[in-house]
Amino acid sequence: MLSKKYPKEVKQILSKYPPEGKRSAMMPLLFLAQREEGYISKAAMQDIAGLLNVTETEVAGVVGFYTLYHEEKEGKYRIQVCADLPCALRGAEGFVKNLCDNLGVKVGETTEDGLLTIEAVMCLAACDKAPMFQTQGPEGIKYHENMTVEKTMELVEELRKSAA
Amino acid sequence: MTHILLRHREIPEINQLSVYQKNGGLAAFKNAVTTMKTTEVIDVVKNSGLRGRGGAGFPTGMKWSFADNKNWPHYVVANADESEPGTFKDREIMEGNPLQFLEGVMIGSYAVGANAAYIYLRGEFWEIAESLDAKIAELEEAGYLGDKLFGTEYSLRLYTHLGAGAYICGEESALLESLEGKRGQPRVRPPFPPSVGLYDKPTIINNVETFTNVPMIMTNGADWYKTMGTTDAPGVKIFSLSGRVRKPGNYELPLGTTFRDLIYTHGGGVQDSRKVRAIMPAGASSSLILVDDDKILDTPMDYLEVRKLKSELGSASVIIVDDSVSMDWLINKTVHFFKHESCGKCTPCREGTYWMARLTERIHDGRAVKADVDLLLNVAKQMQGKCLCALGEFSTMAVVSSLERFREDFDNAVKA
């Protein structure tokens, strides 16, 4: 139960919205539910539905709509590379390909050790610092800009070491 | 030029409360709350001629005056969903000069009588939300936010709220849906948010950059602001320059600065000394400006002049396309973006972006026949004017303009 596991966080989230806007807590609660496992389980959706007095279907509808919520367990860290137009004009497509080759995966796949999933995503508002990506993991979302494959592989090594 | 928005470039640590205060920060908010009527604040903003910086360019003071005074409470929402491909200005403001942005939100809240304001950030701005939360806590501690401010009856609280990855939430009615914990799908309008907004209450929504102008306008006056920019569009604008230029980045310049100045004086010119072939002045939502005559680069960048080139200034996210780029590749990119981001609510956009994506992919892959190019134009034109919100319309801009202005690229792709 979310409210048992994170009582302080749940209370703090609910305090941000007026009583008539309780449902606004949906998105922050979903991020909270996703924190540990990197995905939102059916049980967590039921839990949030109960907290906000909405149906599970309504919660699932929100989860399915937004790209930063995940319904399945993938890599502990998702490397989300911007491959949109402005980044692509500055070499993002070649960067994604080289990175995938180095990691031995294709876009959308997870490395064998279960640590990394590579995703190509839409614009991340860092068009002047391409190639770039964000990592989505247990600590939240972090930007990595002006990247090279070499720099990225160093980061991958760090993540591997800290996960070991 | 001295910056008025990106002030962190001249004043180190202006993101610290003490430094911000030392440079005049928060005096405008205190002055407004303690000595001015709300209508007086709105009048100053109206007289400054400030227009919304999110893309639509609507006069800010006028928007504020629309808040329905027969229906309470009022809310203020800052749109920090910055997701247009090519736009990265609000991020720099919130990272570098966050207190001026927050003060702008606070002044706006006072002006429309809101006691609560939400800052809706795209979910990817996780780190920025954390740092804004810390700034908000500091402002509460220092007595600038909370109950009965400066001994008056006015109370105000600010909250951040993270989205979770959806371009459509930058559209203000979709943003409100998302903020209410629903899927981010646009509402049918009218009614507009100043009448019926968050929780069905009057709500004023402005872009981050718009709010960040306000403390400087209140401090220095409307007349001062009008000394910059053009008569139609006073003030400064942050131009996000990206694509094939040597020095991409944010450039805060008076409205009316020419493309040439932006690209060559500030942006260091085109990569590999190539030629500018096309300009997308409003990110992926742009009609492409065909640069077949060098004089086009001398066009001043303001709302009216860019319209004369059959494009829009929008949020001034200027993407430079050089002569190495083929337009069939380019629109395949933009169309896939809009297909991915279409919320699915209205049929012309949901189906239209899907069909356009199939066609642009086929053309780019060299699997298309000439009739496919005509069909693409047909689909795009049929979408125009029929979508529930601007996203569907935007998705056709690059398609129609490139087919009209760069037809040879498509004919070559079909033949090859």
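The legends below describe close-up views of a predicted model with two chains, A and B. Local features need pLDDT of at least 70 and side-chain atom pairs count only at pLDDT 80 or more, whereas totals for chains, interfaces and linings use all residues. Residues are numbered from 1 along each chain as its sequence is written, chains are lettered from A and ligands numbered from 1 in the order in which they are written, and side-chain values use heavy atoms, with hydrogens and water left out.

**View 1. The elements of chain A.** Read from the N terminus on, the elements of chain A follow the order α-α-α-α-α-β-α-α-β-β-β-α. Taken along the principal axes, the box filled by the C-alpha atoms of chain A is roughly 50 × 35 × 25 Å.

**View 2. Where chain B touches chain A.** In this view 58 residues of chain B are in contact (heavy atoms within 4.5 Å) with 41 residues of chain A. The buried area, which is the accessible area (1.4 Å probe) that two parts lose on being put together, summed over both, is about 3900 Å² between chain B and chain A, and carbon and sulfur atoms give 60% of this area. Two salt bridges (a side-chain nitrogen of Lys or Arg within 4 Å of a carboxyl oxygen of Asp or Glu) are counted between the chains. One salt bridge joins K333(B) to E93(A), with the closest N and O atoms 2.9 Å apart. Among the elements that give two or more residues to the side of chain B that touches chain A are strand 2 (114-121), helix 7 (126-141) and helix 13 (327-341) of chain B. Helix 13 of chain B gives the most to this side, with eight residues.

**View 3. The largest pocket.** A pocket is found on a 1 Å grid over the protein atoms alone, as an open set of points with protein on both sides within 12 Å along at least five of seven lines, and its lining residues have an atom within 4 Å of a point. About 1400 Å³ of space lies in the largest pocket, a volume being the space filled by probe spheres set on the points, which are joined across faces, edges and corners. Of the 47 residues that line the largest pocket, G54(B), G55(B), A56(B), G170(B) and F394(B) lie nearest its centre. Helix 16 (390-405) of chain B is one of the elements that supply at least two residues of this lining, and helix 16 of chain B gives the most, with four residues.

**View 4. The second largest pocket.** The second largest pocket has a volume of about 990 Å³. Its lining has 36 residues, and the closest to its centre are Q12(A), I13(A), K16(A), D133(B) and L162(B). Helix 2 (7-14) and helix 3 (26-34) of chain A are among the elements that give two or more residues to this lining, as are helix 7 and strand 3 of chain B. Helix 7 of chain B gives the most, with seven residues.

How values were computed
On a 1 Å grid over the protein atoms alone, a cavity is a set of points where a 1.4 Å probe fits but cannot get out, and a pocket is an open set with protein on both sides within 12 Å along at least five of seven lines; lining residues have an atom within 4 Å of a point.
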